[in-house]
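Good morning, and thank you for making time for this.

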Amino acid sequence: MYLTNEEERAASGEMGEAIAAAYRILLAVGELLGARRLIRISSAHLSGVNYANIGDPGLEFLERFSSSARVSVPTTVNPCGADLYDPQPHVPRDFLERQRAIMDAYLRMGCSESFTCAPYELESNPPPGSHVSWAESSAAIFANSELGLITNRESGLSALAAAIAGKTPEGGMHLEENRRPGYALRVDPGALEHGYIDYQLVAYYAASRTSADVIAFVGLPRPPRSTIKLMAAAVGAAGPSSMFVFSDSVPPGVESESLGRDELARLREELVGRGPVDPRGSMAILGCPFYGPQELSRLGAELRGRRASPRLFVQVSRAVELAAREAAGEVRGSGATLLRCACYPLSPADEWLGASAVYADSVKAVHYLRKRGVNAYLRDAGEILRAFSHVT
Ligand code: F3S
């Protein structure tokens, strides 16, 4: 890969070991992608924050690395494993301490105090067409598919390296020729009986069938942004694709399949399960990916005049809580637990609470909970709310 004089100096360690390490990672990624050069990025989003995922090896690396590494572009970070702003009594003290140390390491490196998997809800997105380096598959896929940003699906490490260098290899999704559909799924809109739940199932199905970078959904009307967010998360959970588009017809020369009513019903039954939502001994998670101000406001209105179980967890960032203060107050006032900065699907929250089942309105949440052996079920948020709250 071609490096400018300045990049050569940075890679050789002239500007410090942390910057040299970042360049070594970018060069390795660039080789893999067959990139010819590095390009500037407007922002980075990092994963590798939840202590339940990165453990002590991750924490030790971050503590060491953050003593000298500094990001050089606006950089947001993924959620923690627990709410550090209002620590819940069910979270072990040891977990909280280690999670705090991870948070401090990211802040030391100059990352913003974002701790969200939906950084695009913070209203500080670069303009469409900007090149960025975003880890967190749901955010990267949303960035490519909805925001008009250009990013590969970065790993925590490659995004961190890009954040430090302010650059990324010009390969993969950064090249226009790779941003065309390589797989198309024809969907009969009449088969979608359950709104945003079915949209997620369609996305989950498509991503599990292909390794193409870009998926085209043919015949599917473009849903609202909140549904696209959930679809991006479902695609990221099920396969390696980086983007999706909505198309009227199968693009020429592209492999295509159809998703019929029966297959969709089978998938629905598999993830939704049978019987009503049973709140006894279970818990529920809303906000995967994290809610933005509008979604939080809608939930606040729905909980008005209702008493909710504290085992109804609602995930937002601190910035969104502040931006939708009134709604946050309504959610908290109902008795539900508002988590700021915490991702419970990837934490052992079910173990901390001794929950026998977990309900969520997100395919991604159910996917990862089941991967850990949890009894998890996909349900509509309205159904979850009715089961986990009552009219006062
Ligand atoms: Fe976000 Fe955690 Fe879901 S990172 S997308 S809340 S699994």
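Let me begin with Glu383, which is partly exposed at a relative accessible area of 26%. Its side chain meets that of Arg379 in a salt bridge, with 2.9 Å from N to O. Arg379, by contrast, has a relative accessible area of 4% and is therefore buried. Please keep in mind that this is a predicted model.

Across the whole structure, the search returns 26 salt bridges. Two of them involve helix α9, and I will take them in turn.

In one, Arg261 pairs with Glu193, and the closest N and O atoms are 3.2 Å apart. Arg261 is partly exposed, with 41% relative accessibility. Glu193 is likewise partly exposed, at a relative accessible area of 47%.

In the other, Arg268 forms a salt bridge with Asp198, with 2.9 Å between the closest N and O atoms. This pair links distant parts of the chain, since Arg268 is in helix α9 and Asp198 in helix α7, 70 residues apart. Here both partners, Arg268 and Asp198, are buried.

Salt bridges also join into a network, whose members are Asp83, Asp86, Glu321, Arg332 and Arg340.

I turn now to the aromatic side chains. How many aromatic pairs does a search of the whole structure find? The number is 11. In one of these, the ring centres of Phe95 and Trp352 are 4.9 Å apart and the planes stand at 75°, so the arrangement is edge-to-face. Phe95 is in helix α4 (residues 93-108) and Trp352 in helix α13 (residues 349-353), so this contact ties together parts that are 257 residues apart in sequence. Phe95 and Trp352 are both buried.

Another edge-to-face pair is made by Phe217 and Phe244, at 5.6 Å centre to centre and with 65° between the planes. Phe217 lies in strand β7 (residues 214-218) and Phe244 in strand β8 (residues 243-247), so that the pair links distant parts of the chain, 27 residues apart. Phe217 and Phe244 are buried as well.

To close, I return to Phe95 and Trp352, which belong to one aromatic cluster together with Tyr51, Phe313 and Tyr344. Thank you; I welcome your questions.

Notes:
Residues are numbered from 1 along each chain as its sequence is written. This is a predicted model: local features need pLDDT of at least 70, side-chain atom pairs count only at pLDDT 80 or more; totals for chains, interfaces and linings use all residues. Side-chain values use heavy atoms; hydrogens and water are left out. Rings of Phe, Tyr and Trp (its six-membered ring) pair if their centres lie within 6.5 Å; planes under 30 degrees apart count as stacked, over 60 as edge-to-face and the rest as tilted. Helices (H or I, at least four residues) and strands (E, at least two) are DSSP runs, numbered from the N terminus. Buried means under 20% relative accessible area, exposed over 50%, partly exposed in between (1.4 Å probe, protein chains only). A salt bridge is a side-chain nitrogen of Lys or Arg within 4 Å of a carboxyl oxygen of Asp or Glu.
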